[in-house]
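Reader: I would like to go through some salt bridges and the labels attached to them. Please set each value against its definition.

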Amino acid sequence: MGRSLFFAVGVLIVSAAGALGAGPPDFAHDVAPILYRSCSGCHHPGEAGPFSLLSYDDARKRAAQIAAVTRSRYMPPWLPEPGHGDFEGERRLTDAEIRTLSEWAAAGAPEGPENEIPSPQSFPTGWQFGAPDLVLEAPAPFQVPASGPDVYWNFVLKPAAGSVRFVRAIEIRPGDRKLVHHANLLVDRSANAHLREATPGSGFPGMDLEIMRSPFDPPGHFMFWKPGSVPHQEPSGFAWRLDPGDELILNVHLHPSGKPEEIRPALGLYFTDQPPARFPLLVELENDQGIDIPAGAADFLVKDDFRLPLDADALAVYPHAHYLGKLLEAYATLPDGSRKSLIRISDWNPAWQAVYYYREPVFLPRGSVVSMRFHYDNSAANVRNPNQPPRRVAGGNQTTDEMAALWLELLPRGVGDRRRELEEAVMRHRLEKNPNEFEANFNLGAVMLSRLNAADAVGVLQTAVAAAPARAEARNLLGLALARVGREVEAISQFEAALRLRPDYTAARFNLANSQIKTGKMDEAVANLRQVIAANPADLLPKKRLEDVLTRH
C-alpha cells in the first residue's frame with residue numbers, strides 16, 4: 001500500500017516538474033514531424049502547394065498562416081469525418097497537433113537544435129513508380145485561356161498496343177498542376193473518341209462524355225488525379241485489360257490563371273503479365289433529376305438508395321457535388337437492421353474531392369441497402385455559393401449547376417466474374433428513376449440477351465432505340481434480339497438501319513447476312529459476307545459461313 005502510494009506520488013511529481021520546465025514547442029522536435037507527415041506531400045517543388053514546407057525557413061515565414069489554416073481545419077485538406085470509414089493516406093490532424101502548431105507560432109516559431117531537425121521526406125522527381133512501361137503524351141498542347149469560366153478538355157491518347165496488355169497502375173501527369181483541378185481517364189474500346197476532334201490530335205471540349213461501353217466490360221477502377229494525390233497501384237489480380245485499338249481519353253478540368261497558359265499532359269502505364277482474376281465494378285448512386293434547389297434554401301436533401309443483389313466488399317468510395325454541397329454522407333443498412341457508415345463529410349469542399357480507399361474492404365452482405373444522403377446549402381450564408389444573391393439551381397454538368405453522385409468500387413464475393421449480376425441490378429435501379437434512359441436500357445437488354453432471355457430483351461432494346469435512334473450499336477443489338485425470337489424481317493430492318501448510320505459496322509453486316517440467309521436472300525447474304533471478310537481477313541467465322549452458303553446453294 002505504502003509503496004504503491006509512493007510510486008504514484010513520484011510519478012505525479014516528475015510529470016509536474018516536466019510540465020513546469022517544458023518550453024514552447026519547437027520546429028525540430030514538435031513541428032517538423034507534423035509538417036513532413038501531413039503537409040509536405042503537396043507543399044514541395046513540382047506539386048500543387050503554392051509554397052514549399054521542407055525546411056525550417058520555409059515553415060518559419062508562414063508560421064501564423066500554418067496555425068490559422070490548421071486551426072480552422074482548412075488544411076491539410078481531409079474531408080471525411082473520423083469514425084465514418086477507415087481510409088488509406090489519412091491526413092487529418094489531431095487536436096493536440098493543431099494546438100502544437102498554434103503554440104509554436106504564438107511563441108515566435110522557435111527552431112530548436114538545428115542538428116536535431118529530422119530529414120524531410122524525399123519525393124520522387126520523376127515517375128512515382130519508376131519508369132513506366134509505356135508513356136503517352138498528348139499529341140498537341142492545349143492553350144488555356146487567360147480568363148473566363150473553367151475549361152473541360154479531352155485529350156485522346158492512342159496506346160497502339162500490338163497485343164492485349166494488363167495494366168496494374170497508371171500515373172497521370174497533368175502538366176502545370178496549378179492549372180488543373182482534377183483529371184479522369186476513360187477507356188474507349190469503340191475507338192471513336194478521335195472522331196470528335198476538329199483536327200487530328202487536337203482533343204475536344206466537354207465534361208459529360210458518353211463513351212459507349214460493353215455491358216460485359218463495365219468500368220471497375222477509379223482512374224483519377226487530383227492535387228496531392230499519389231498514383232494507386234492495383235493489388236495482385238486486379239489489373240485491367242488494354243486491348244489493341246483501344247483509345248484512352250484524359251478528361252481534364254482546368255482553371256484559367258489570369259494569363260494565357262499551355263498544358264500538355266502525359267500518362268504512364270505500368271503493365272503486368274498477370275491477367276485480372278478479381279473483377280470489381282464501379283456502382284453509381286445518383287439523383288441529378290432530383291436537384292431543383294430554390295434560392296435561399298439552406299438544407300436541400302437529395303437521396304438515392306440501392307439494394308445489393310449479392311455479397312460484396314466495398315474497396316473505395318468517391319462522393320461528388322459542386323459548390324452548394326454541404327453535408328455528404330453514405331451508409332449501408334444491413335439485413336439485420338444495423339447501419340454501417342461508408343463516409344460522412346460535414347463540410348464539403350469541391351476543391352478537395354478525392355477517391356478514398358478503405359484500409360480494409362468493407363463487407364456488405366446481400367440485401368444491404370446502400371444510401372446516399374447529400375444536403376445542399378443555397379443560402380447567402382454559404383461562402384462557396386457562386387451566386388450572390390442566390391438563384392435557383394438545377395442539376396447539370398456545369399460547375400454553376402449541381403450534381404449528386406456517389407461511386408463505390410464494389411467487389412462481388414464468389415468465384416469468377418460476377419459483375420454481370422451486379423450490373424443488371426444497377427441498370428434496373430436506374431430505370432426505376434428514368435425508364436427511358438438509353439444506356440440503362442441498352443445495357444440491360446445486352447445482359448438479358450446473354451442470359452438467353454431474348455423475349456424480354458426486345459422490349460427493353462426497343463426503348464433504347466426510341467431514346468437514341470441514331471445509335472447504331474443499339475439497332476444492331478435490337479436486331480439480334482429480334483432474330484433470336486424468329487422475327488427475322490424486323491431484324492433485317494434494324495441491321496440495315498445500323499449500317500446506314502455506320503457503313504463500316506462489320507458486326508451489323510455479319511448479323512444482317514445471317515438473317516438474310518435465314519430468309520432465303522442468298523445473293524445479298526453472299527455480298528455482305530464478302531464485305532465482312534474484306535474488312536476482317538483474319539476472322540475465320542465469316543469465311544466459314546460464306547463457304548457453307550456457297551456449298552449449299
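Reader: What makes D548 and K544 a salt bridge?

Author: Their side chains meet at 3.0 Å, N to O. A salt bridge is a side-chain nitrogen of Lys or Arg within 4 Å of a carboxyl oxygen of Asp or Glu, so the pair qualifies. This is a predicted model: local features need pLDDT of at least 70, side-chain atom pairs count only at pLDDT 80 or more, and totals for chains, interfaces and linings use all residues. Residues are numbered from 1 along each chain as its sequence is written, and side-chain values use heavy atoms, leaving out hydrogens and water.

Reader: How are D548 and K544 placed in helix α13?

Author: They sit 4 residues apart in helix α13 (residues 540-552), so about one helical turn separates them. Helices are DSSP runs (H or I, at least four residues), numbered from the N terminus.

Reader: Why is D548 called partly exposed?

Author: Its relative accessible area is 25%. Buried means under 20%, exposed over 50%, partly exposed in between (1.4 Å probe, protein chains only). D548 therefore falls in between. K544, at 46%, is partly exposed too.

Reader: What makes E488 and K518 a salt bridge?

Author: Their closest N and O atoms are 3.6 Å apart, so the pair meets the cut-off. The pair links distant parts of the chain: E488 is in helix α10 (residues 488-501) and K518 in helix α11 (residues 506-518), 30 residues apart.

Reader: Is E488 buried or exposed?

Author: Buried, with a relative accessible area of 11%. K518, at 59%, counts as exposed.

Definitions and conventions
Helices (H or I, at least four residues) and strands (E, at least two) are DSSP runs, numbered from the N terminus.
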